[in-house]
Amino acid sequence: MTRPPSPVMRRTVAGLTLSAAALVGIVLHEGYTDRAVIPVKGDVPTIGFGTTTGVKLGDTTTPPKALARALTDVQQFEGALKQCVTVPLAQHEYDALVSFSYNVGSHAFCRSTLVRKLNAEDYAGACAELLRWRFFRGNDCALPTNARLCGGLATRREAEYRQCIGEAS
């Protein structure tokens, strides 16, 4: 006999922290660079695993320093999420949303329709909003013609969406 799926266990966001698996997912999505680069034309300087704050071209880092900085950055994004999300979340939802916020920034995250839907307890609708954030400079990153420019963004959003709805581990 097959068991019915267990209900989603949600907890207050104040009691959640990013899982180790989610941190690994973030750094894999971000990729690593040992020197500050402009990842795509018109973007801001980035170093390590996607760190942008205080980064100038010419800066360098090492993998241990970059990982330590990514952990510090994650804590800032977790703090912002905890300030603007007022409903309880499951761990998989929290992990997906921290990854998303890490990528788009706290300000954009907190002002998003995703957060409005989430705080209205429209969990499915909030997760679906992740798929709408697949554009870069007006280009739909999900289109094969934009794969070189920004295909990784569409891949990341799909992974965050699957995680948010509980399909990814």
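A: Let's start with residue classes: Ala, Val, Leu, Ile, Met, Phe, Trp, Tyr, Cys and Pro count as nonpolar, Asp, Glu, Lys and Arg as charged, and the others, Gly included, as polar. This is a predicted model, where local features need pLDDT of at least 70, side-chain atom pairs need 80 or more, and totals for chains, interfaces and linings use all residues. Numbering starts from 1 along each chain as its sequence is written, and side-chain values use heavy atoms, without hydrogens or water.

Q: At what angle do α1 and α2 pack?

A: Helices are DSSP runs (H or I, at least four residues; strands are E, at least two), numbered from the N terminus. Axes are lines fitted to C-alpha atoms over the stretch in contact, with angles of 0 to 180 degrees between N-to-C directions. Here α1 (residues 20-30) and α2 (residues 63-84) pack at about 115°, axes 11 Å apart, which means α1 is roughly perpendicular to α2 (65 to 115 degrees; under 35 is roughly parallel, over 145 roughly antiparallel, the rest oblique).

Q: Which residues make the contact?

A: Contact means heavy atoms within 4.5 Å. On α1 they're Leu23, Ile26 and Val27; on α2, Leu67, Ala70, Leu71 and Val74. By class, that's seven nonpolar, no polar and no charged residues.
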